[in-house]
Amino acid sequence: MRLSRSVLFTLCLLAVVLILAYLTLGLSPTSRLVPLLVVVPLIGLLLVELKRGVGGADAEEAGAVEAGVEETDTGGRSERGVLLWVLALPALVQTLGILAGPGLFLLLYSRLRSREPWVFALTVAALTTLGLWGLFGLLLETSGGVGIPLLQGR
Amino acid sequence: MSPVLDAAWEGLLLVFAWPNILYPLAGTLAAMVFSLLPGVSGVTLMALAIPLTLSWDPIQVLLLFGALVGGATFMGSATAILLNIPGTAPNAATMFDGYPMARAGHAGTALGCSAAASALGSTFGVLMLVALLPLMAVLVPLLGPPEYLMLAVWGLAAIATVIRASVGKGLVMAGLGLLISFIGFDPRTAELRYTFGTLYLQDGLHLVPVFLGIFAVAEVIDLMASGRTTISGATRLDQLAGDALEGVRAVFRNFGLFLRSSLIGTTVGAIPGLGGTAAAFVAYGEAARSAGPDGRFGEGDIRGVLAPEAANDAKDGGSLIPTLLFGIPGSAGTALLLGVLALHGISPGERLVSNLSLAFVLIWSLFLSNWISSIVGLSSVNMLSRITVVRTSRLAPLILILSVTGAFAYRARFADVWVAFGFGLLGYAMKRYGWPRVAFIIALVLGSMFELNLHLTMRLQELDRIQLWTRPGFMLLVLLLGVTLWMPGVRFAAEAREMIGRARRRVDR
């Protein structure tokens with residue numbers, strides 16, 4: 001049987017909730033009172049949703065359930081490619097710091113994904129880096145004195 | 001005239017005296033610019049301004065800080081409407097309907113409604129503050145954990161309304177939001193829960209990175225994956241429908257809702273520790289509930305913009321009640337304000353109330369800044385709406401960088417950036433597979449308040465220190481909750497009876 005992505009997501013949620021339920025049982029009776037009131041019915045609800053999903057009910061609802069959100073069209077771009085680009089930003093910030101990371105991300109994104117001209121890509125990247133330096137390097141650093149790591153990652 | 005009105009008039013004259021008027025103007029404009037950056041709120045600006053103002057006259061300090069508290073609110077909602085990024089945590093409730101309106105090409109209408117609701121909401125808050133100042137001094141100390149508990153339950157009951165489309169999934173998301181709100185120290189035993197041995201989680205998950213992830217990052221992923229060319233789908237400004245005046249008119253068309261939301265904002269604001277986030281979410285829930293099946297909440301219903309904006313601005317007036325009367329800060333902003341007052345030798349409580357004209361300088365400055373920010377905001381609606389016609393390929397990376405900035409500026413911690421992006425992936429999956437994010441966020445916001453006050457109420461009851469049924473505030477909230485849950489039930493039952501009747505008539509024919 002091939003599980004749909006929607007069912008896989010429900011299974012992931014169930015796994016997270018089961019882990020939290022296990023951790024809840026290890027707490028003192030006072031600390032676990034309210035979490036237990038939440039986690040027990042939550043497991044039941046997730047099992048019902050899982051059954052509905054496997055039974056095909058999710059296919060009918062398919063993304064249009066959330067109030068205010070129209071069905072997500074992923075036909076435009078590769079979802080995996082998008083996710084890789086999105087995760088590249090925190091990875092760059094973590095590695096290069098809050099000044100260089102976003103600037104480099106913007107340069108790479110503008111050139112490689114949006115196919116913007118070099119002048120545009122360089123200008124936007126430079127202005128963004130300058131803006132971040134103004135915010136973190138001048139304003140917050142000097143006034144707050146919290147020792148913001150500007151040029152190094154973690 | 002009464003002493004209160006005399007003091008109000010004297011305070012007003014002080015505000016408009018030259019060069020005093022420059023301080024609220026400068027403070028408002030600075031707060032507006034700052035609040036465009038997510039995570040850098042009016043509170044950040046207040047903290048930055050403290051060293052600058054040490055040698056200033058107390059009146060100028062009150063004028064500046066009043067403006068910093070009030071000026072940030074509107075622009076925070078502008079980013080929420082246009083980019084799905086809340087400028088401050090209370091603006092998150094505005095995103096639920098503001099952003100869908102912007103996506104449908106009605107950004108101008110949403111911004112107009114937000115500006116009008118903000119200005120009028122703050123006016124309501126200030127008027128209530130003036131009217132209730134003597135009365136609230138008696139009433140506020142009467143509110144305790146049972147009343148706060150009922151307020152949280154009232155807010156959580158809103159979930160029942162916003163998840164009409166899929167009750168099961170909505171309840172799961174609410175449960176997950178509650179569980180995540182329990183991360184960190186248990187409020188009663190100080191035992192650590194769900195921290196997985198990490199120091200980072202001991203204080204619980206902070207709301208700003210989570211909001212940025214669930215809404216801003218998730219929306220960017222969706223925008224990039226969908227292949228839409230712009231947020232609104234339009235590529236020219238003249239293709240956008242709806243204007244700002246339509247939004248302003250919506251406030252007057254729904255004046256009853258405006259009054260209810262402002263009242264909620266002022267009341268919640270007056271309760272120390274609850275703050276604007278709870279005010280905005282409770283008001284949103286009440287608006288969704290009162291709209292019944294006609295509402296399109298979460299899909300771009302203008303009432304979903306009106307209610308949280310009115311409540312969020314009205315709460316400023318309410319939050320000054322415990323601050324000025326008892327020296328109890330209701331929020332981070334008022335806590336800083338108290339610190340600044342102390343630095344200038346102004347002690348709150350009886351001494352400040354006995355010098356009411358000084359208190360009114362602060363109140364008028366707050367009032368003025370709300371109006372200035374709304375007027376400036378209204379006049380720049382067209383310029384702001386341009387964001388919704390900027391190409392996705394240019395806008396998406398900038399929104400991602402703003403999200404990183406907001407998450408990092410909050411506490412200068414890389415872990416907050418990862419939390420924002422982690423919740424971004426979760427938010428995208430929720431959106432893609434139809435799990436309502438609104439239920440998750442409401443439960444996350446109100447979860448800790450619910451648990452803390454449940455424990456306190458149970459403990460007080462065990463010790464025989466309180467009798468729930470003899471507390472008028474508690475009983476009033478129970479009654480309100482009962483009515484608000486009962487009304488939709490009656491309506492649905494009536495609709496069901498009507499449908500059965502129609503079906504029977506068809507069968508008979």
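**Note on the predicted model**

1. In this predicted model, Asp464(B) is exposed, because it has 7 other C-beta atoms within 10 Å, and a residue counts as exposed at 12 or fewer. Asp464(B) sits in the loop that runs between α20 (437-462) and α21 (472-508) of chain B, and its phi is near 60°, which is a positive value in a residue other than glycine.

2. Another loop of chain B, the one between α1 (3-16) and α2 (22-35), holds Pro19(B). The peptide bond that joins Trp18(B) to Pro19(B) is cis, with an omega of about 0°.

3. Helix α5(B), residues 92-103, has twelve residues and spans 16 Å from its first C-alpha to its last, close to the 16 Å expected at 1.5 Å a residue. Twelve of the twelve residues of α5(B) are buried, so this helix is largely enclosed by the rest of the structure; among the buried residues are Phe96(B), Tyr99(B) and Met101(B), and also Asp97(B) and Arg103(B). Just after α5(B) comes Gly105(B), whose phi is positive, at about 85°.

4. Two further helices of chain B deserve a look as a pair: the axes of α9 (residues 207-226) and α18 (residues 392-411) come within 10 Å and cross at roughly 165°. Because angles over 145 degrees count as roughly antiparallel, α9(B) and α18(B) are roughly antiparallel to each other, and their crossing is left-handed.

5. Which residues meet where α9(B) and α18(B) are in contact? From α9(B) the contact includes Leu212(B), Val220(B) and Met224(B), while from α18(B) it includes Ile399(B), Leu400(B) and Tyr410(B). The residues of this contact divide into 13 nonpolar, three polar and no charged.

Notes
Residues numbered from 1 in each chain as written. Chains lettered and ligands numbered in written order. Predicted model: local features only at pLDDT ≥ 70, side-chain atom pairs only at ≥ 80, totals over all residues. Axes fitted to C-alpha atoms, helices over the stretch in contact; angles between N-to-C directions. Helix = DSSP H or I, 4+ residues; strand = E, 2+ residues; numbered from the N terminus. Parallel < 35°, antiparallel > 145°, perpendicular 65-115°, else oblique. Left-handed = near helix turned anticlockwise from the far one by under 90°. Contact = placed C-beta atoms within 7 Å. Nonpolar A, V, L, I, M, F, W, Y, C, P; charged D, E, K, R; others polar. Expected span 1.5 Å × (residues − 1). Buried ≥ 20, exposed ≤ 12 C-beta atoms within 10 Å, placed from the backbone.
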